[in-house]
Amino acid sequence: MNPFTKYELGFFPTPLQELHNLPHLFADEYRIFIKRDDHTGLATGGNKTRKLEYLLGDAMAQGVDTIITAGAQQSNHCRQTAAACARAGLSCHLLLGGDKPDQFTGNLLLSKLLGANIHFMGHQRKGEELENMAARLKRKNLRPYIIPYGGSNLTGAMGYVEAAGELREQLRDKGESASHIFFASSSGGMQAGLLLGMAMHDLKTRLMPVQIDKEGTAGVSLQESVINIIREGNKVLKIRKPVEESDVYAISGYDDAGYGVLTHQEEEAIHTLAEREGILLDPVYTGRAFYAMLHHLKEKKITPGSNVLFWHTGGIPANFSYAGQLGR
Ligand SMILES: *Cc1c(COP(=O)(O)O)cnc(C)c1O
(Lines give C-alpha, C1' and ligand atoms only; values in the text may rest on other atoms or scores of the structure.)
Protein backbone atom coordinates (compact mmCIF):
# COMPACT_ATOMS: atom_id res chain seq x y z
CA MET A 1 0.00 0.00 0.00
CA ASN A 2 1.11 3.52 -0.75
CA PRO A 3 -0.50 6.34 1.25
CA PHE A 4 1.55 9.07 -0.46
CA THR A 5 0.39 11.58 -3.05
CA LYS A 6 2.38 12.31 -6.15
CA TYR A 7 2.86 15.37 -8.33
CA GLU A 8 4.07 14.27 -11.76
CA LEU A 9 7.29 15.85 -12.90
CA GLY A 10 9.27 13.30 -14.89
CA PHE A 11 9.38 10.90 -17.84
CA PHE A 12 8.83 7.31 -16.77
CA PRO A 13 9.71 4.51 -17.14
CA THR A 14 13.31 5.49 -17.82
CA PRO A 15 15.12 3.35 -20.42
CA LEU A 16 16.84 0.10 -19.47
CA GLN A 17 19.66 -0.66 -21.89
CA GLU A 18 22.33 -3.27 -22.34
CA LEU A 19 25.90 -2.04 -22.86
CA HIS A 20 27.45 -4.06 -25.68
CA ASN A 21 30.98 -2.64 -25.91
CA LEU A 22 31.98 -2.36 -22.28
CA PRO A 23 32.02 -6.14 -21.56
CA HIS A 24 34.99 -6.53 -23.98
CA LEU A 25 37.09 -4.89 -21.24
CA PHE A 26 36.39 -7.93 -19.08
CA ALA A 27 36.87 -10.66 -21.72
CA ASP A 28 33.08 -10.68 -22.20
CA GLU A 29 32.67 -12.47 -18.88
CA TYR A 30 29.82 -10.19 -17.77
CA ARG A 31 26.68 -8.73 -19.28
CA ILE A 32 26.18 -5.12 -18.21
CA PHE A 33 22.89 -3.21 -18.11
CA ILE A 34 22.26 0.45 -17.37
CA LYS A 35 19.10 2.06 -15.97
CA ARG A 36 18.90 5.58 -17.35
CA ASP A 37 17.72 7.83 -14.53
CA ASP A 38 19.85 10.52 -16.16
CA HIS A 39 16.77 10.72 -18.42
CA THR A 40 14.08 11.36 -15.82
CA GLY A 41 13.44 14.84 -17.23
CA LEU A 42 13.30 17.94 -15.03
CA ALA A 43 16.13 20.24 -16.15
CA THR A 44 18.57 17.58 -17.42
CA GLY A 45 17.40 14.69 -15.27
CA GLY A 46 18.71 12.74 -12.32
CA ASN A 47 17.53 10.66 -9.40
CA LYS A 48 15.96 13.60 -7.51
CA THR A 49 13.05 13.75 -10.00
CA ARG A 50 11.58 10.57 -8.52
CA LYS A 51 11.91 11.88 -4.96
CA LEU A 52 10.56 15.31 -5.85
CA GLU A 53 7.37 13.86 -7.32
CA TYR A 54 6.47 12.65 -3.83
CA LEU A 55 7.95 15.59 -1.92
CA LEU A 56 6.07 18.12 -4.02
CA GLY A 57 2.96 15.96 -3.85
CA ASP A 58 3.11 16.31 -0.07
CA ALA A 59 3.96 20.03 -0.20
CA MET A 60 1.11 20.83 -2.62
CA ALA A 61 -1.36 18.85 -0.49
CA GLN A 62 -0.36 21.04 2.47
CA GLY A 63 -1.01 24.22 0.46
CA VAL A 64 2.45 25.73 0.89
CA ASP A 65 3.82 28.50 -1.33
CA THR A 66 7.57 28.16 -0.79
CA ILE A 67 10.08 25.29 -0.79
CA ILE A 68 13.40 25.42 1.07
CA THR A 69 16.19 22.92 0.67
CA ALA A 70 19.95 22.70 0.92
CA GLY A 71 23.04 21.19 -0.64
CA ALA A 72 26.52 21.69 -2.00
CA GLN A 73 27.13 24.44 -4.53
CA GLN A 74 26.99 21.89 -7.36
CA SER A 75 23.95 20.11 -5.89
CA ASN A 76 21.88 18.22 -8.44
CA HIS A 77 19.15 17.95 -5.83
CA CYS A 78 18.93 21.75 -5.53
CA ARG A 79 18.94 22.27 -9.31
CA GLN A 80 16.13 19.76 -9.74
CA THR A 81 14.18 21.22 -6.80
CA ALA A 82 14.42 24.65 -8.46
CA ALA A 83 13.00 23.17 -11.67
CA ALA A 84 10.20 21.36 -9.81
CA CYS A 85 9.23 24.59 -8.04
CA ALA A 86 9.15 26.49 -11.32
CA ARG A 87 6.81 23.87 -12.76
CA ALA A 88 4.57 23.83 -9.69
CA GLY A 89 4.46 27.62 -9.31
CA LEU A 90 6.18 27.63 -5.91
CA SER A 91 9.00 29.89 -4.87
CA CYS A 92 12.28 28.17 -4.07
CA HIS A 93 15.04 28.97 -1.57
CA LEU A 94 18.32 27.09 -1.81
CA LEU A 95 20.88 27.10 1.01
CA LEU A 96 24.15 26.21 -0.68
CA GLY A 97 27.60 25.53 0.73
CA GLY A 98 30.55 27.80 0.06
CA ASP A 99 30.84 31.47 -0.80
CA LYS A 100 29.36 33.26 -3.77
CA PRO A 101 31.64 32.63 -6.76
CA ASP A 102 32.50 35.32 -9.32
CA GLN A 103 30.79 33.31 -12.03
CA PHE A 104 28.09 30.63 -11.72
CA THR A 105 28.67 27.35 -13.60
CA GLY A 106 27.17 23.85 -13.83
CA ASN A 107 24.25 23.13 -11.51
CA LEU A 108 24.60 26.48 -9.76
CA LEU A 109 24.13 28.31 -13.05
CA LEU A 110 21.06 26.19 -13.85
CA SER A 111 19.53 26.79 -10.39
CA LYS A 112 19.85 30.51 -11.02
CA LEU A 113 18.31 30.25 -14.50
CA LEU A 114 15.43 28.27 -12.95
CA GLY A 115 14.63 31.24 -10.74
CA ALA A 116 15.70 29.98 -7.31
CA ASN A 117 16.61 32.34 -4.47
CA ILE A 118 20.16 31.32 -3.68
CA HIS A 119 21.79 31.79 -0.25
CA PHE A 120 25.48 31.00 0.24
CA MET A 121 26.07 29.38 3.61
CA GLY A 122 29.87 28.99 3.88
CA HIS A 123 30.85 25.63 5.36
CA GLN A 124 27.22 24.63 6.03
CA ARG A 125 26.29 22.55 3.02
CA LYS A 126 23.90 20.06 4.61
CA GLY A 127 20.93 22.13 5.65
CA GLU A 128 21.99 23.17 9.17
CA GLU A 129 20.07 26.44 8.72
CA LEU A 130 16.87 25.10 7.13
CA GLU A 131 14.73 25.60 10.26
CA ASN A 132 15.98 29.15 10.81
CA MET A 133 15.24 30.04 7.20
CA ALA A 134 11.73 28.58 7.52
CA ALA A 135 11.12 30.72 10.62
CA ARG A 136 12.36 33.82 8.78
CA LEU A 137 10.03 33.19 5.84
CA LYS A 138 7.07 32.55 8.17
CA ARG A 139 7.61 35.97 9.73
CA LYS A 140 7.14 37.34 6.21
CA ASN A 141 3.77 35.55 6.06
CA LEU A 142 5.01 32.87 3.67
CA ARG A 143 4.12 29.18 4.03
CA PRO A 144 7.41 27.30 3.64
CA TYR A 145 7.96 23.55 3.27
CA ILE A 146 11.35 22.09 4.15
CA ILE A 147 12.81 19.38 1.94
CA PRO A 148 15.72 17.78 3.85
CA TYR A 149 19.26 17.47 2.49
CA GLY A 150 19.17 15.26 -0.61
CA GLY A 151 15.38 14.93 -0.35
CA SER A 152 16.07 11.90 1.83
CA ASN A 153 13.15 11.04 4.07
CA LEU A 154 10.48 8.38 3.59
CA THR A 155 8.36 10.67 1.40
CA GLY A 156 11.24 11.23 -1.03
CA ALA A 157 12.35 7.60 -0.85
CA MET A 158 8.90 6.57 -2.14
CA GLY A 159 10.16 7.51 -5.61
CA TYR A 160 12.61 4.62 -5.41
CA VAL A 161 10.14 2.24 -3.81
CA GLU A 162 8.19 2.74 -7.01
CA ALA A 163 11.33 2.58 -9.18
CA ALA A 164 12.12 -0.92 -7.87
CA GLY A 165 8.76 -2.06 -9.25
CA GLU A 166 9.48 -0.29 -12.53
CA LEU A 167 12.80 -2.11 -12.92
CA ARG A 168 11.27 -5.47 -12.02
CA GLU A 169 8.68 -5.06 -14.75
CA GLN A 170 11.26 -4.00 -17.35
CA LEU A 171 13.49 -6.98 -16.57
CA ARG A 172 10.50 -9.32 -16.74
CA ASP A 173 9.34 -7.88 -20.07
CA LYS A 174 12.82 -8.37 -21.54
CA GLY A 175 13.19 -11.82 -20.00
CA GLU A 176 16.36 -10.66 -18.25
CA SER A 177 17.68 -10.62 -14.71
CA ALA A 178 20.43 -8.80 -12.84
CA SER A 179 22.36 -10.20 -9.89
CA HIS A 180 23.89 -6.90 -8.70
CA ILE A 181 22.83 -3.23 -8.89
CA PHE A 182 25.62 -0.66 -8.51
CA PHE A 183 24.68 2.95 -7.77
CA ALA A 184 25.95 6.06 -5.98
CA SER A 185 24.61 6.42 -2.43
CA SER A 186 25.06 9.65 -0.54
CA SER A 187 22.17 10.92 1.58
CA GLY A 188 20.60 7.45 1.51
CA GLY A 189 17.08 8.11 0.22
CA MET A 190 17.56 6.16 -2.99
CA GLN A 191 19.15 3.24 -1.17
CA ALA A 192 16.36 3.11 1.43
CA GLY A 193 13.69 3.37 -1.26
CA LEU A 194 15.23 0.58 -3.34
CA LEU A 195 15.56 -1.71 -0.30
CA LEU A 196 11.92 -1.13 0.66
CA GLY A 197 10.76 -1.45 -2.95
CA MET A 198 12.70 -4.66 -3.53
CA ALA A 199 11.15 -6.16 -0.40
CA MET A 200 7.68 -5.09 -1.52
CA HIS A 201 8.08 -6.30 -5.09
CA ASP A 202 10.11 -9.37 -4.19
CA LEU A 203 13.00 -8.37 -6.47
CA LYS A 204 15.94 -10.61 -5.62
CA THR A 205 18.97 -8.57 -6.60
CA ARG A 206 21.96 -7.62 -4.49
CA LEU A 207 22.25 -3.87 -4.01
CA MET A 208 25.79 -2.51 -4.34
CA PRO A 209 25.48 1.07 -2.96
CA VAL A 210 28.79 2.89 -3.38
CA GLN A 211 29.31 5.42 -0.60
CA ILE A 212 30.14 8.82 -2.12
CA ASP A 213 30.56 11.03 0.95
CA LYS A 214 32.38 9.64 3.98
CA GLU A 215 30.96 12.46 6.12
CA GLY A 216 27.45 11.85 7.43
CA THR A 217 24.64 14.41 7.63
CA ALA A 218 24.25 16.30 10.94
CA GLY A 219 26.30 13.64 12.74
CA VAL A 220 24.22 10.79 11.26
CA SER A 221 26.07 8.28 9.07
CA LEU A 222 24.78 7.07 5.69
CA GLN A 223 23.97 3.69 7.21
CA GLU A 224 21.99 5.25 10.08
CA SER A 225 20.11 7.52 7.66
CA VAL A 226 19.08 4.52 5.56
CA ILE A 227 18.06 2.54 8.66
CA ASN A 228 15.91 5.42 9.94
CA ILE A 229 13.96 5.59 6.68
CA ILE A 230 13.62 1.82 6.52
CA ARG A 231 12.24 1.53 10.05
CA GLU A 232 9.53 4.02 9.22
CA GLY A 233 8.91 2.50 5.78
CA ASN A 234 8.52 -1.04 7.11
CA LYS A 235 5.71 0.26 9.32
CA VAL A 236 3.99 2.77 7.06
CA LEU A 237 4.06 0.53 3.98
CA LYS A 238 3.09 -2.57 6.00
CA ILE A 239 5.66 -4.68 4.20
CA ARG A 240 5.03 -8.39 4.72
CA LYS A 241 8.71 -9.31 4.76
CA PRO A 242 10.22 -6.16 6.31
CA VAL A 243 13.71 -5.00 5.36
CA GLU A 244 16.20 -6.13 8.01
CA GLU A 245 18.59 -3.57 9.43
CA SER A 246 21.38 -6.05 8.69
CA ASP A 247 20.58 -5.64 4.96
CA VAL A 248 21.83 -2.04 5.16
CA TYR A 249 25.46 -1.62 4.17
CA ALA A 250 27.47 0.41 1.70
CA ILE A 251 30.67 -0.16 -0.22
CA SER A 252 33.24 2.27 1.14
CA GLY A 253 36.84 2.92 0.17
CA TYR A 254 36.05 4.84 -3.02
CA ASP A 255 35.27 7.99 -1.01
CA ASP A 256 38.70 8.49 0.58
CA ALA A 257 39.48 11.67 -1.38
CA GLY A 258 36.38 13.35 0.09
CA TYR A 259 33.07 14.58 -1.35
CA GLY A 260 33.34 16.26 -4.73
CA VAL A 261 37.08 15.69 -5.08
CA LEU A 262 37.86 14.44 -8.58
CA THR A 263 40.64 11.84 -8.74
CA HIS A 264 42.09 9.75 -11.59
CA GLN A 265 39.50 7.09 -10.68
CA GLU A 266 36.42 9.19 -11.52
CA GLU A 267 38.24 10.53 -14.60
CA GLU A 268 38.93 6.99 -15.80
CA ALA A 269 35.28 5.99 -15.30
CA ILE A 270 33.97 9.07 -17.14
CA HIS A 271 36.31 8.52 -20.11
CA THR A 272 35.63 4.78 -20.28
CA LEU A 273 31.84 5.01 -20.48
CA ALA A 274 31.87 8.08 -22.73
CA GLU A 275 34.39 6.68 -25.22
CA ARG A 276 33.04 3.12 -25.33
CA GLU A 277 29.30 3.71 -25.09
CA GLY A 278 28.64 7.41 -25.73
CA ILE A 279 27.10 7.87 -22.27
CA LEU A 280 28.09 10.69 -19.93
CA LEU A 281 28.72 10.27 -16.21
CA ASP A 282 29.34 13.00 -13.63
CA PRO A 283 32.48 13.72 -11.59
CA VAL A 284 30.91 13.58 -8.10
CA TYR A 285 28.47 10.65 -7.94
CA THR A 286 28.17 8.40 -10.98
CA GLY A 287 31.86 8.67 -11.91
CA ARG A 288 32.79 7.40 -8.47
CA ALA A 289 30.18 4.63 -8.41
CA PHE A 290 30.95 3.51 -11.96
CA TYR A 291 34.65 3.30 -11.13
CA ALA A 292 33.73 1.06 -8.19
CA MET A 293 31.78 -1.23 -10.54
CA LEU A 294 34.64 -1.37 -13.09
CA HIS A 295 37.02 -2.22 -10.26
CA HIS A 296 34.75 -4.99 -8.96
CA LEU A 297 34.51 -6.54 -12.43
CA LYS A 298 38.22 -6.19 -13.17
CA GLU A 299 39.09 -7.87 -9.88
CA LYS A 300 36.40 -10.54 -10.44
CA LYS A 301 34.80 -9.65 -7.11
CA ILE A 302 31.55 -10.56 -8.88
CA THR A 303 31.23 -14.14 -10.16
CA PRO A 304 32.04 -14.23 -13.90
CA GLY A 305 28.94 -15.00 -15.93
CA SER A 306 26.81 -12.60 -13.88
CA ASN A 307 24.54 -9.88 -15.24
CA VAL A 308 25.25 -6.60 -13.47
CA LEU A 309 23.30 -3.36 -13.64
CA PHE A 310 24.48 0.21 -13.17
CA TRP A 311 21.75 2.61 -12.05
CA HIS A 312 22.69 5.96 -13.62
CA THR A 313 21.52 8.75 -11.30
CA GLY A 314 22.30 11.82 -13.40
CA GLY A 315 24.51 14.74 -12.42
CA ILE A 316 25.68 15.68 -15.92
CA PRO A 317 25.75 19.51 -15.36
CA ALA A 318 28.48 19.16 -12.71
CA ASN A 319 30.96 18.23 -15.47
CA PHE A 320 30.98 21.85 -16.57
CA SER A 321 32.14 23.07 -13.18
CA TYR A 322 35.11 20.64 -13.34
CA ALA A 323 36.32 21.95 -16.72
CA GLY A 324 39.52 23.10 -15.04
CA GLN A 325 40.44 19.44 -14.41
CA LEU A 326 38.44 17.46 -16.99
CA GLY A 327 39.09 19.93 -19.79
CA ARG A 328 42.88 19.94 -19.64
C1 LIG B 1 21.76 12.82 -4.97
C2 LIG B 1 22.49 11.97 -5.95
C3 LIG B 1 22.87 10.66 -5.65
C4 LIG B 1 22.66 10.02 -4.31
O5 LIG B 1 21.34 9.77 -3.97
P6 LIG B 1 20.96 9.74 -2.41
O7 LIG B 1 19.53 9.39 -2.37
O8 LIG B 1 21.26 11.10 -1.88
O9 LIG B 1 21.82 8.73 -1.73
C10 LIG B 1 23.50 9.92 -6.63
N11 LIG B 1 23.79 10.45 -7.84
C12 LIG B 1 23.47 11.72 -8.16
C13 LIG B 1 23.84 12.23 -9.48
C14 LIG B 1 22.81 12.53 -7.22
O15 LIG B 1 22.51 13.79 -7.54
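An oxygen atom of the ligand lies 2.7 Å from a polar backbone atom of serine 186, a polar contact in the sense of a pair of N or O atoms within 3.5 Å. The model is predicted, with local features requiring pLDDT of at least 70 and side-chain atom pairs counted only at pLDDT 80 or more, while totals for chains, interfaces and linings use all residues. Residues are numbered from 1 along each chain as its sequence is written, and side-chain values use heavy atoms, leaving out hydrogens and water.

A polar backbone atom of methionine 190 is 3.0 Å from an oxygen atom of the ligand. Asparagine 76 takes part through its side chain, where an N or O atom is 3.0 Å from a ligand oxygen atom. Taken alone, the ligand exposes 380 Å², of which the protein buries 98%; these areas come from the Shrake-Rupley method with a 1.4 Å probe. The ligand is surrounded by 16 residues, and the closest are Lys48, Lys51, Ser186, Ser187 and Thr313.

Two helices can be followed next. Helix α8 (residues 264-277) packs against helix α9 (residues 286-298) at an angle of about 80°, the axes being 8 Å apart. The axes are lines fitted to C-alpha atoms over the stretch in contact, and angles run from 0 to 180 degrees between N-to-C directions. Helices here are DSSP runs (H or I) of at least four residues, and strands (E) of at least two, numbered from the N terminus. The angle makes α8 roughly perpendicular to α9, a label given from 65 to 115 degrees. Residues in the contact (heavy atoms within 4.5 Å) include Ile270 and Leu273 of α8 and Phe290 and Leu294 of α9.

Two backbone features remain. Phenylalanine 12 and proline 13 are joined by a cis peptide bond, with omega about 0°, and proline 13 lies in the segment before β1 (16-19). Leucine 42, in the loop between β2 (31-36) and α1 (48-61), has phi near 65°, a positive value in a residue other than glycine.

Terms used
Angles under 35 degrees count as roughly parallel, over 145 as roughly antiparallel, 65 to 115 as roughly perpendicular and the rest as oblique. A residue is near a molecule or strand if one of its heavy atoms lies within 4 Å of it. A polar contact is a pair of N or O atoms within 3.5 Å; within protein, one must be able to donate a hydrogen and the other to accept it, and residues adjacent in sequence count only if both atoms are side-chain atoms.
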